[in-house]
Amino acid sequence: NAEYMGTVLEYGAYIDSLVDEPCIVMANHQSVADITTLMAAFCTKNNVISQCMWTLWDRLLYTPHGVLGWLHGDMFVTPKSPSVYQSLQRHVNQYYLRHISSRKWLIIFPEGGFRSNMIAGSKRFAMSEGFPKLNLVCLPRVIALLAIMEVFDQNRCHLNLRKRIPKYLIDVTIGYQDNQSLSMLHLLTGNAATQNICLHYRKFNISEIPRGKTDFTTWLNQRFVEKENLLRHFYNYGIFAENADQLKTLFRHPPKKRKIQLSHSVFLSYILIIIGLCFQLTWMLSIIYNEIQSLSSRQTFPEHLESDTACPYLFCDKSMRTF
């Protein structure tokens, strides 16, 4: 399975010491490979991945991956729903803080989708609101993360929940070689073997993060401006560095390398794709069957009920042909 080996390079803060601590993990989002990369990297950290909770787009719920996430207790977000704030808070209360199986790391992608899909809207919004215009990342959406942190603040006074409330926020910046993010096709065909996927970690104390929508928006936007600078340096020089002194340190002490085995993920992905195709085919056939049944019922509709006066039921609808 050597063709399915890839290399993940880890830069920045040492986060292995946080595997037993509840944490919020936020990352930039470029492609479907982001999740695979984070899972592979976190599996090496005392298998903390088994105690993670993911925040996912609600449309994924209707895919095999989404079904697995639903069974696992992950959160599914409807971005433009007026009740997204309340639904997120209910889910964190029920499945993160009070669930029988203790969760450790809550993972969220504040951009709300893949960069390629979100970047145009991000630039328009930045221009209209006077925010920084970014190219390598998108402006983050603050509502989800703000709702999650508010739940933790509300429950901080409960002694039995205090150990489950995160103390740290881990900021992950994901960079792909030559700014070419991996697609599912790359993962399935083994083309990830030649790729260096780089992760840069930063650690923030949650108690020092400002609250209030305005202050928190400013703080979060600044973190993504820093991500933009990190990625620009990475694409220019091939390594992550926040400043010149850190760059010299990296040359003296190279970043940690981890070999990630993708063969099992590839096999599982094939199975999930087959299941998904069967699911979609069954759904399409059921729609076609219902349409055929509907057409046949209209053609055999009794002639003596063609007039409204002949209908013996007050709620008979001639146009719908239903009772």
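**Entry 1**

Leaving aside its neighbours within four places in sequence, with which residues is isoleucine 24 in contact? I took contact to mean heavy atoms within 4.5 Å, and I found isoleucine 24 in contact with Leu106, Ile108, Leu145, Ile148, Met149, Phe152, Pro166, Tyr168, Leu169, Ile170 and Ile206.

I note that this is a predicted model, in which local features need pLDDT of at least 70 and side-chain atom pairs count only at pLDDT 80 or more, while totals for chains, interfaces and linings use all residues. Residues are numbered from 1 along each chain as its sequence is written, and side-chain values use heavy atoms, with hydrogens and water left out.

**Entry 2: helix 5 against helix 7**

I read an angle of about 115° between helix 5 and helix 7, with their axes 11 Å apart; the axes are lines fitted to C-alpha atoms over the stretch in contact, and angles run from 0 to 180 degrees between N-to-C directions. The contact is made by Val142, Ile143, Leu145, Leu146 and Met149 of helix 5 and by Lys213, Phe216, Thr217 and Leu220 of helix 7.

**Entry 3: salt bridges**

I counted 8 salt bridges, each a side-chain nitrogen of Lys or Arg within 4 Å of a carboxyl oxygen of Asp or Glu. Aspartate 16 pairs with lysine 45, the closest N and O atoms being 3.0 Å apart, and these two residues, 29 residues apart, are both buried.

Which residues are linked with Arg202 in a network of salt bridges? I found Asp171, Arg223, Glu226 and Lys227. Arginine 202 meets aspartate 171 at 2.6 Å, N to O, and meets glutamate 226 at 2.3 Å. Arginine 202 lies in strand 7 and glutamate 226 in helix 7, so this pair ties together parts 24 residues apart in sequence. Arginine 202 counts as buried because its relative accessibility is 9%, and aspartate 171 is buried at 0%, whereas glutamate 226 is partly exposed at 22%.

Conventions. Helix = DSSP H or I, 4+ residues; strand = E, 2+ residues; numbered from the N terminus. Buried < 20%, exposed > 50% of the residue type's maximum accessible area, 1.4 Å probe, protein only.
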